[in-house]
Amino acid sequence: MTLNNKQRQYLKGMAHSLKPVVLLGQHGLTEGVLAEIDLALNHHELIKVKVAAEDREVKTLIMDAIVRETGAVKVQTIGHILTLYRASEQKKITLPRG
């Protein structure tokens, strides 16, 4: 799934007031963390994940792995915060067209 600019801007606006739902700690990206992210995406569709990695390259690799493993779309990253979107069975967010 890919988002066009209008949809991405819409989701950024919705995500502005959200707090991170999942925080990656010192153990990094584990199966448990991925399961939590998956559950949060199923429940909320739009979530923020805080990746507390010191090294920029490591942080980028972790964020890419999260996107790949969850099948979500990266809406944006600001600092250590990754915003993800994935539509669930019961659609909660209606994206604007085109």
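This is a predicted model: local features need pLDDT of at least 70, side-chain atom pairs count only at pLDDT 80 or more; totals for chains, interfaces and linings use all residues.
**Entry 1**

I began with the strand order. The sheet is open, has 4 strands and runs S1-S2-S4-S3, with mixed pairing. I then looked for its edges. S1 and S3 (73-78) are the edge strands, each pairing on one side only. I noted the twist as well: it averages 25 degrees from one strand to the next. As background, strands of a sheet pair through backbone hydrogen bonds, either parallel or antiparallel.

I took S4 next. How many of its residues are buried? I found 4 of its 5 residues buried, so I put S4 down as mostly covered.

On one pairing, S2 and S4 are antiparallel over 5 bridges. I looked up two contacts in this pair. Val49 stands opposite Leu82 in S4. Ile47 has Leu84 in S4 as its bridge partner.

On the other pairing, S3 and S4 also run antiparallel and are joined by 5 bridges. Here I picked out Ile78, whose bridge partner in S4 is Ile81. The hairpin of S3 and S4 has 2 residues between the strands.

H2 lies across S1, S2 and S4 and runs at about 155 degrees to S2.

**Entry 1: H2 in detail**

I compared the span of H2 with expectation. H2 covers residues 31-44, 14 residues in total. From first C-alpha to last it reaches 20 Å, close to the 20 Å expected at 1.5 Å a residue.

Then I turned to burial. Val33, Leu34, Ile37, Ala40 and Leu41 are the buried residues I listed in H2. Why do they share a side of H2? They cover an arc of only 125 degrees around the axis, which puts them on the same side. The general rule I had in mind is that an α-helix has 3.6 residues a turn, so residues three or four places apart point the same way.

I asked what the buried residues of H2 pack against. The partners are strand S1 (22-24), strand S2 (46-51), helix H3 (56-70) and strand S4 (81-85). On the face turned away from the buried side I found the exposed residues Glu31, Leu39 and His43. I also looked just past the helix. Glu45 follows H2 and has a positive phi, near 75 degrees.

**Entry 2: salt bridges**

I counted 2 salt bridges in the structure.

One joins Arg86 to Asp38, with the closest N and O atoms 2.7 Å apart. Asp38 is in helix H2 and Arg86 in the segment after S4, so the pair ties together parts 48 residues apart in sequence. Are the two partners buried or exposed? Arg86 counts as buried because its relative accessibility is 14%, under the 20% cut-off. Asp38 counts as partly exposed, at 30% relative accessibility.

The other joins Glu69 to Arg68, with the closest N and O atoms 3.9 Å apart. I checked Arg68 and found it exposed, at 58% relative accessibility.

Note on methods
Residues are numbered from 1 along each chain as its sequence is written. Side-chain values use heavy atoms; hydrogens and water are left out. The expected span of a helix is 1.5 Å times one less than its number of residues. Buried means under 20% relative accessible area, exposed over 50%, partly exposed in between (1.4 Å probe, protein chains only). The arc is that of the directions from the helix axis to the C-beta atoms. Contact means heavy atoms within 4.5 Å. A salt bridge is a side-chain nitrogen of Lys or Arg within 4 Å of a carboxyl oxygen of Asp or Glu. Two strands pair if DSSP finds at least two bridges between them. Axes are lines fitted to C-alpha atoms, for helices over the stretch in contact, and angles run from 0 to 180 degrees between N-to-C directions.
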